Amino acid sequence: MAKKLINGNYAAAYGAKLARAEVIAAYPITPQTAIVEQVADFVASGEMKARYVCVESEHSAMAACIAAASAGARTFTATSSQGLLLMHELLHWATGARTPVVMVNVNRAVAPPWSVWADQTDSIAQRDTGWMQFYSESTQEELDTVIMSYKISESPDIMLPSFTTEDAFFLSHTYEPVEIPAQELVDGFLPPFRPEIRLDVDKPRGFGSLSMPHQWYMELRYLIAEAMDRSRKRILEVEKEWKELTGRSYGGLLDEYRTEDADVVLVNAGTAASTIREVIDKLRKEGKKVGLARIRSFRPFPTEEIRALGKHVHTIGVMDRSYTFGDGGAFFTEVKGALYSMKDRPAVKGYVVGVGGRDITMKTVEKLYDNLFKIKSGGLDSEKEWIDLKRPEVA
Amino acid sequence: MSKPIKSYKDLPLAPITYEDTREAFKTGSWRTFKPLVDNSKCKKCWICWKFCPDMSIRILDDGSGIEFDYDHCKGCGICATECPAKCITMVTED
């Protein structure tokens with residue numbers, strides 16, 4: 001296996017190439033463009049045997065991927081921010097049509113004001129589309145997760161679309177040494193896509209037909225719900241298999257670091273986890289028992305894993321690099337929701353951090369752990385807090 | 001239908017029909033206006049056949065004109081509008 005110095009975007013492109021994606025439909029947008037440029041290079045040079053469709057918008061990119069997947073092709077696209085939002089209608093369609101499209105979204109802030117920097121509002125806003133959502137921390141994880149996504153999405157008892165995410169620039173443009181798996185290894189891991197139902201001129205059927213309220217709409221939605229619930233187990237199985245082949249795995253749905261004896265734990269998704277690990281190692285040397293639980297899969301949500309954590313950790317801080325106006329951060333409210341049915345619920349505080357790409361530094365993280373220790377001894381000071389916000393009293 | 005659907009367990013994975021939709025659904029009952037053709041005036045340009053959005057116009061085997069598939073024609077009237085020979089007329093359905 002060869003190691004290359006590449007960034008998250010190239011890692012995603014290598015993932016699509018190694019997975020042998022057959023149809024790529026894409027529209028460029030910063031900071032994602034390098035992904036589809038690199039895939040275009042692979043196709044142009046003949047390294048990748050695929051049909052590359054240049055479309056006029058992200059909406060069309062997703063429509064083309066759904067159509068190609070309906071015909072039985074393995075598809076790939078990538079987008080970010082406004083582009084993902086423009087796809088929104090068709091994201092629902094991909095799920096309803098049970099087309100296992102695989103995509104990479106680079107998490108970028110939503111305008112206005114214009115910002116191309118890291119913020120997870122774009123993907124959080126796709127929560128109810130029925131797509132599986134995986135958040136990567138490293139370049140290697142991004143490559144591996146793209147390949148694993150195909151296997152999970154295309155499982156005959158799942159057949160749901162999925163996207164992996166990269167925090168803008170922190171992951172999309174940061175170079176790290178990445179092990180590029182051999183093609184034969186990936187071929188052995190990921191069989192060709194052969195869906196049971198596909199567009200076939202010799203066997204015409206109506207696709208996406210109408211369903212009256214007394215007919216099957218509700219039941220078809222229930223089938224999606226069941227498949228998404230099954231995907232929890234499938235994600236773990238696929239990751240186990242990947243580990244056996246490559247030695248690499250990433251903690252399943254909830255990636256925990258030094259939580260086993262922790263007094264306080266931060267929950268986070270995305271690249272800030274690397275900074276948090278550094279802080280944990282530092283604070284542990286000072287005798288402070290701190291830990292991290294990284295949400296790797298937001299959909300399906302790691303409900304059981306969060307409950308297991310809540311059994312032995314009684315003070316939890318949840319970091320959101322996004323905000324749901326009128327409520328709170330999505331990770332915060334969902335973590336609380338998962339814990340609610342427990343008899344002895346932990347104290348949970350929501351931290352809004354890094355919005356619009358504001359740096360989440362070690363100092364920021366230390367401040368959060370300090371706050372969590374105060375909560376542990378003195379109870380919750382507030383339900384949620386915007387961190388590193390320029391407030392009048394400190395300006 | 002290949003098997004009766006009684007619960008979600010009997011459904012196909014995706015919202016598809018088990019057979020050719022045209023066989024399952026006779027949409028001609030939606031019609032308010034019905035097209036009639038006078039084949040003696042037909043110029044055999046087949047513009048009506050090209051424009052029909054429901055593939056409900058059939059060219060007669062001997063090429064002498066057209067006939068309508070009234071099981072599926074919804075009576076949109078595109079054929080009557082497009083016909084350069086004005087040999088198709090729309091009449092109110094009885």
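Predicted model: local features only at pLDDT ≥ 70, side-chain atom pairs only at ≥ 80, totals over all residues.
The domain assignment divides chain A into domain 1, residues 2-246, and domain 2, residues 255-386. The C-alpha centres of domain 1 and domain 2 of chain A are 28 Å apart. Across the boundary between them, 25 residues of domain 1 of chain A are in contact with 19 residues of domain 2 of chain A. On the domain 1 side, two or more residues each are contributed by helix 5 (121-124), strand 6 (132-135) and helix 8 of chain A. Helix 8 of chain A gives the most to this side, with five residues. By class, the domain 1 side is made up of 13 nonpolar, six polar and six charged residues.

An open sheet of six strands in chain A has the order 9-11-10-13-14-15, with mixed pairing. Strand 9 (254-257) and strand 15 (384-386) of chain A form its edges, each pairing on one side only. On average, neighbouring strands of the sheet are turned by 20° against each other, direction ignored. Within the sheet, strand 10 (residues 264-268) and strand 13 (residues 315-320) of chain A are paired in the parallel sense over four bridges; Val264(A) has Thr315(A) of strand 13 as its bridge partner. Helix 9 (residues 272-285) of chain A packs on the sheet and touches strands 9, 10, 11 (290-295) and 13 of chain A. The direction of helix 9 makes about 165° with that of strand 11 of chain A.

Between the chains, 18 residues of chain A are in contact with 12 residues of chain B. Helix 8 (residues 217-246) of chain A supplies the largest share of the chain A side, four residues. That side has nine nonpolar, five polar and four charged residues.

Note on methods: Residues numbered from 1 in each chain as written. Chains lettered and ligands numbered in written order. Contact = placed C-beta atoms within 7 Å. Nonpolar A, V, L, I, M, F, W, Y, C, P; charged D, E, K, R; others polar. Domains from an automatic or database assignment. Pairing = 2+ DSSP bridges. Axes fitted to C-alpha atoms, helices over the stretch in contact; angles between N-to-C directions.
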